[in-house]
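Colleague: I would like to learn how to read a model made of several chains, one feature at a time. Could we go through it slowly together?

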Amino acid sequence: MLSKRNPQLNAHGELIHLLSIEGLPKAVLTQILDTAGTFLSVNDREVKKVPLLRGKSVFNLFFENSTRTRTTFEIAAKRLSADVINLDIARSSTAKGESLLDTIANLSAMHADMFVVRHAESGAPYLIAQHVAPHVHVVNAGDGRHAHPTQGLLDMYTIRHYKQDFANLTVAIVGDIVHSRVARSDIHALTTLGAAEVRAVGPRTLVPGDLKAMGVRVCHSLEEGIKDADVIITLRLQNERMSGALLPSAGEYFKNFGLTEDKLALAKSDAIVMHPGPINRGVEIDSAVADGRQSVILPQVTYGIAVRMAVMSIIAGNDA
Amino acid sequence: MTTLHLDAEALYADLLARVRPLLRPDAALVGIWSGGAWLAERLQRDLGLAGKPGVISSALHRDDFGSRGLAGTTDATALPFAIDGRHILLIDDVLYTGRTTRAVLNELFDFGRPASVTLAVLVDRGGRELPIEPAVSAARVVLPPSQKLDLTRDAAGRFDFAIEGT
Amino acid sequence: MKVLITNGRVVDPASGRDERADVAIAAGRIVGIGAASPDFDADRVIDARGLVVAPGLVDLAARLREPGQEHEGMLESELAAAAAGGVTSLICLPDTDPTLDEPGLVEMLKFRARKLSRCRLFPLGALTRGLGGEVLTEMAELTEAGCVGFSQADAPVRDTQVLARALQYAATFGYTVWLRPNDPWLGGGVAASGAVATRLGLSGVPVSAETIALHTIFDLVRASGARVHLCRLSSAAGVELLRAAKAEGLPVTADVSINSLHLTDVDIGYFNPAMRLVPPLRQQRDRDALRAGLADGTIDALVSDHTPVDADAKILPFAEAEPGATGLELLLGLALKWGDGAGIGLTRALASVTSAPVRVLGGALGSLAASAGRLVEGGVADVCIFDPSAHWAVTAAALRSQGKSTPFAFDASGVELPARVRYTLVAGHIAHEAA
């Protein structure tokens with residue numbers, strides 16, 4: 001079979017869509033992180049707007065609900081002076097049976113310049129990117145279990161801010177990794193940026209052995225997983241996992257894999273604790289840790305806006 | 001065939017002399033990245049001004065974003081003082097079409113409302129496409145559009161010019 | 001009509017014949033293979049110089065989408081596709097709408113196919129009513145109407161006791177039960193478990209979904225003595241279990257699809273919905289084992305698994321796309337491509353789609369069993385004449401099937417398929433003639 005060019009990059013290797021961190025060269029990731037730094041300073045100005053996307057229409061297409069993520073994308077787009085339209089797909093024509101591609105075609109006819117898409121099925125943004133006109137750009141805001149690239153990037157920005165160099169870092173990702181698009185994006189980003197060791201930590205039902213193929217060390221005990229770690233990323237545990245016979249209860253999970261102050265002491269003393277949010281206090285993380293001195297969960301949110309501004313402005317400036 | 005030779009150090013000395021009388025007591029120097037920023041740094045010292053000059057970038061307000069995309073990221077704006085009500089002396093190495101100055105002015109106004117902005121440049125090479133004029137320029141030259149003129153600075157901090165193109 | 005095929009390379013895997021010869025056909029039967037008698041006054045002479053004259057292909061698995069799923073295929077288009085692919089006999093699956101669990105439906109289907117004269121149609125009857133896995137169908141009635149075996153298509157029989165009894169009942173009459181080994185609880189994913197599915201975030205189907213089902217089936221075969229044909233093997237572990245079962249002497253046969261024989265999960269690429277297939281594409285070592293199994297006879301036959309899918313049903317995110325691919329027109333080319341790659345030779349490759357499938361069907365074909373899938377004097381004149389040196393690009397325009405989605409699409413792969421069918425004859429009548 002013909003090997004196809006990564007649909008996210010144009011013929012010159014420039015980013016035109018952001019669909020997944022996988023397959024992006026280190027230079028592209030670094031460009032995004034560096035640009036995000038510039039935009040952080042914009043957020044401190046009196047006039048928190050730059051005209052880079054002025055006159056452009058950004059359509060937020062969220063097939064899966066998420067007020068948080070949608071809001072940060074909206075803020076980011078507006079700070080770039082774009083017009084933002086939020087589409088509540090659940091209540092719109094798609095619910096009436098309009099196909100995904102018909103929805104996109106109709107919106108394109110309204111001169112959308114960029115789609116920010118969140119969908120419950122892995123791969124949906126690729127389908128969309130394949131079918132939009134050449135000047136239209138697609139940003140994946142999360143597709144099924146596959147990828148959440150802007151979250152991965154803001155996690156990397158956070159790590160770079162506190163730890164500077166990836167080369168010597170041991171990063172532990174704890175939780176429901178098999179179902180997590182955030183985990184996959186973090187893993188791809190960390191391995192591309194050259195982290196020394198990435199560990200996937202959790203019970204076997206949530207962290208299967210074949211994750212090794214992604215370049216991680218699989219650990220089935222929290223103690224082994226976070227020992228001497230520089231960064232701990234805790235993932236949200238969803239209620240559905242209890243009903244699928246993957247876990248007996250949130251309580252037992254917390255006892256064995258919840259990040260408490262005691263357990264945190266096993267990591268390096270200057271280790272940072274991250275979480276993509278929203279937090280389930282007392283399930284994957286203790287309040288004392290979430291609010292404690294090693295937690296960088298709130299800065300992550302700030303960086304999220306700058307990273308999304310960086311992504312949007314970079315892709316909008318590149319032609320297909 | 002003659003090669004144009006500009007003595008950057010000599011022109012700097014000239015710029016310094018012309019800028020001194022323009023300087024209001026409460027003025028602030030802001031240099032346009034990168035050449036203007038180097039000049040502002042030296043002027044700040046030579047004019048005996050306290051603190052550091054501001055550095056300003058045109059990256060976020062350029063009018064060619066649609067065709068060129070986002071430029072490099074190392075040229076961030078850094079203004080270590082408030083802009084509101086301040087008299088600003090804007091420094092650039094080469095003034096050409098005026099578009100960079102326009103972008104920089106927009107960037108500056110995102111930070112506040114200056115009392116005034118005065119433009120001082122090392123070289124004015126004509127070719128203006130916007131109604132922008134410097135209060136002071138140390139030299140006026142005419143170069144073909146195919147040539148690029150940039151200020152350089154060596155390890156010892158000495159200025160020189162680089163001319164690229166035919 | 002009398003037809004004379006001259007100067008062709010006659011290849012008959014069943015007898016091992018591979019020689020330049022003429023083939024004379026009259027009244028739907030082959031009356032002579034060898035130098036043509038000068039008295040043979042043919043109505044039509046086909047000059048087969050440079051071409052291979054082979055038995056018409058026998059495809060053990062094709063979905064024709066009638067009755068009920070006409071937006072995906074019609075008997076006319078799909079049987080025309082069969083003829084274009086050199087297929088002269090095909091076995092169709094019972095998962096139509098309504099399912100093939102009534103003799104009347106079977107008779108109607110056979111009648112319509114006969115009228116079209118493109119390809120012989122041998123339906124599989126539903127093993128349980130509505131394929132629901134609960135109530136047995138009237139297997140004797142359905143056999144009388146023309147069914148050659150009983151199948152659940154891809155619908156599971158969740159109740160093991162029902163499956164055991166269905167096999168016992170079929171064994172009473174000597175009917176063959178056609179089952180795709182897939183545990184319904186483990187087998188619900190959309191891609192094969194492994195590095196690719198994990199990376200792409202697609203729900204996985206572990207190999208154990210196939211092996212657990214195989215263990216169950218083999219044990220029930222031991223207990224009941226029923227004949228079982230295993231459909232669409234997909235894993236190396238599955239091939240191993242099959243090898244052991246055959247060595248033990250269990251009455252089982254098996255097939256593999258053109259998709260599993262040639263592709264792996266890596267071919268999913270960037271979520272290409274054309275790769276959304278059942279069974280899902282597995283890894284390289286599984287593909288290697290399937291190829292070895294087909295070569296050494298552990299797997300008896302190669303099938304097209306023809307499943308035409310409406311274009312709109314494929315332009316969806318991977319997990320939502322309807323599984324299936326068109327295949328009738330690709331069976332010959334992919335059989336030869338496998339044979340070439342495996343260094344097996346034309347005759348052996350052709351056997352997997354002619355004489356071997358007929359052996360699987362055995363007595364179910366009735367009198368046809370003696371000559372279907374082979375070229376023998378006195379036998380039926382079902383012939384496929386093809387150009388072994390030609391290549392063709394699999395494009396929507398080139399396909400006669402209503403289903404245009406295929407993993408082997410030229411646009412995506414840039415690869416052409418070998419062999420071009422020039423003529424297909426069914427019962428001595430020219431069912432397909434290339435332009």
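Colleague: Which side chain meets that of C:Arg63 in a salt bridge?

Modeller: Before the answer, a word on the source: this is a predicted model, in which local features need pLDDT of at least 70 and side-chain atom pairs count only at pLDDT 80 or more, while totals for chains, interfaces and linings use all residues. Residues are numbered from 1 along each chain as its sequence is written, chains are lettered from A and ligands numbered from 1 in the order in which they are written, and side-chain values use heavy atoms, with hydrogens and water left out. A salt bridge is a side-chain nitrogen of Lys or Arg within 4 Å of a carboxyl oxygen of Asp or Glu. Here the side chain of C:Arg63 meets that of C:Asp95, at 2.9 Å from N to O. C:Arg63 lies in the loop between β6 and α1 of chain C, and C:Asp95 in the loop between β7 (87–92) and α2 (103–116), so the pair ties together parts that are 32 residues apart in sequence. The helices (H or I, at least four residues) and strands (E, at least two) are DSSP runs, numbered from the N terminus.

Colleague: Which residues are joined with C:Arg63 into one network by salt bridges that share partners?

Modeller: The network holds C:Arg63, C:Asp95, C:Asp154, C:Arg180, C:Arg232, C:Asp255 and C:Asp305.

Colleague: Is C:Arg63 buried or exposed?

Modeller: Buried means under 20% relative accessible area, exposed over 50%, and partly exposed in between, with a 1.4 Å probe and protein chains only. C:Arg63 has 8%, and therefore counts as buried. For contrast, take a salt bridge in chain A, where the side chains of A:Arg217 and A:Glu224 meet at 3.1 Å, N to O: A:Arg217, at 33%, is partly exposed, and A:Glu224, at 37%, is partly exposed too.

Colleague: Where does C:Arg65 lie, and in which loop?

Modeller: C:Arg65 is in the loop between β6 (57–62) and α1 (75–84) of chain C, and with a relative accessibility of 7% this residue counts as buried. To read its surroundings we use the polar contact, a pair of N or O atoms within 3.5 Å; within protein, one must be able to donate a hydrogen and the other to accept it, and residues adjacent in sequence count only if both atoms are side-chain atoms. The side chain of C:Arg65 makes such a contact with the side chain of C:Glu322, at 3.5 Å, and a polar atom of the C:Arg65 side chain lies 2.9 Å from the backbone oxygen of C:Pro308. If we count contacts in general (heavy atoms within 4.5 Å) and leave aside neighbours within four places in sequence, the partners of C:Arg65 include C:Glu70, C:Thr307 and C:Val309.

Colleague: How many helices and strands does chain C have?

Modeller: Chain C has 13 helices and 19 strands. The radius of gyration is taken over C-alpha atoms, and the globule rule is 2.2 Å times the number of residues to the power 0.38. For chain C the radius is 21 Å, close to the 22 Å that the rule gives for 435 residues, so chain C is as compact as a globular protein of that length. Of its 435 residues, 61% count as buried.

Colleague: What area is buried between chain A and chain C?

Modeller: The size of an interface is often given as the accessible area lost when the parts come together. Buried area is that loss (1.4 Å probe), summed over both parts. Between chain A and chain C the value is about 2000 Å², of which carbon and sulfur atoms give 66%, and 25 residues from chain A and 24 residues from chain C take part in the contact.

Colleague: How many salt bridges does the rule find across the interface of chain A and chain C?

Modeller: The rule finds 1 salt bridge there, and the side chains of C:Arg199 and A:Glu22 meet in a salt bridge at 2.8 Å, N to O. Between chain B and chain A the count is 2 salt bridges; A:Arg45 and B:Glu107 meet through their side chains in a salt bridge at 2.5 Å. The area buried between chain B and chain A is about 1400 Å².

Definitions and conventions: Buried area is the accessible area (1.4 Å probe) that two parts lose on being put together, summed over both.
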